[in-house]
Amino acid sequence: MTSRFTELTVDCHDPERLAAFWCQVLDFQVIDRGEGKVEIGSWVPTVEDVRARQMPPTVVFIQVPEGRAGKNRLHLDVSPIDGSTEDEVTRLLGLGATRTDVGQGAGRSWVVMADPEGNEFCVVRTLAPQN
């Protein structure tokens with residue numbers, strides 16, 4: 001018996017706003033909506049697909065009343081696929097992300113950022129082809 005990693009759930013105040021932000025970051029689409037929740041992904045999951053093989057997880061934004069408390073214990077890392085890390089940081093700032101300091105120190109190869117509700121994530125090495 002095994003399980004599959006099928007969703008990453010993010011508690012938030014405004015699921016629509018965060019889903020829109022992360023759709024732009026990841027080139028995902030909204031695949032499901034309900035009262036106080038929005039699910040995004042790169043594919044529309046089916047039980048058959050998930051049972052057959054490990055598939056990329058979706059991200060579910062759930063509306064909660066409480067605010068964020070402290071540094072995230074879990075965060076996403078994203079890698080640009082068609083530009084430099086610096087170019088991607090600039091693009092994400094334009095989408096509403098901010099740079100943030102979680103004690104990472106200077107001279108790191110990654111950039112720590114926060115989404116519009118303050119959830120930290122990192123922009124790591126580029127996966128763009130090198131000329």
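This is a predicted model: local features need pLDDT of at least 70, side-chain atom pairs count only at pLDDT 80 or more; totals for chains, interfaces and linings use all residues.
Strand β8 (residues 120-123) is paired with β5 in the parallel sense, over three bridges. Val78 has Val123 of β8 as its bridge partner.

Four bridges connect β7 with β8 in the antiparallel sense, and Met113 stands opposite Phe121 in β8. The hairpin of β7 and β8 has five residues between the strands, and Gly118 in this hairpin adopts a positive phi near 90 degrees. Strands β6 and β7 also run antiparallel and are joined by two bridges; Thr98 has Ala114 of β7 as its bridge partner.

In a regular strand, side chains alternate between the two faces of the sheet. Strand β7 (residues 111-114) is covered on both faces: Val111 and Met113 are buried on one side, and Val112 and Ala114 are buried on the other.

Two packed helices are described by the angle between their axes and by the distance between those axes. Helix α1 (residues 15-26) packs against helix α3 (residues 85-95) at an angle of about 160 degrees, with the axes 10 Å apart. Because the angle is over 145 degrees, α1 is roughly antiparallel to α3. The crossing of α1 past α3 is right-handed. On the α1 side the contact is made by Phe21, Gln24 and Val25, and on the α3 side by Glu88, Arg91, Leu92 and Leu95. By class, this contact of α1 with α3 comprises four nonpolar, one polar and two charged residues.

Cys12 is located in strand β1 (residues 7-12). The relative accessible area of Cys12 is 2%, and the residue is therefore buried, the cut-off being under 20%. Leaving aside neighbours within four places in sequence, Cys12 is in contact with Leu18, Phe61, Ile62, Gln63, Val64 and Glu117. One of these residues, Ile62, lies 50 residues from Cys12 along the chain, and the C-alpha atoms of the two are separated by 6.0 Å.

Conventions: Residues are numbered from 1 along each chain as its sequence is written. Side-chain values use heavy atoms; hydrogens and water are left out. Buried means under 20% relative accessible area, exposed over 50%, partly exposed in between (1.4 Å probe, protein chains only). Contact means heavy atoms within 4.5 Å. Axes are lines fitted to C-alpha atoms, for helices over the stretch in contact, and angles run from 0 to 180 degrees between N-to-C directions. Angles under 35 degrees count as roughly parallel, over 145 as roughly antiparallel, 65 to 115 as roughly perpendicular and the rest as oblique. A crossing is left-handed if the near helix is turned anticlockwise from the far one by less than a right angle, and right-handed if clockwise. Ala, Val, Leu, Ile, Met, Phe, Trp, Tyr, Cys and Pro count as nonpolar, Asp, Glu, Lys and Arg as charged, and the others, Gly among them, as polar. Two strands pair if DSSP finds at least two bridges between them.
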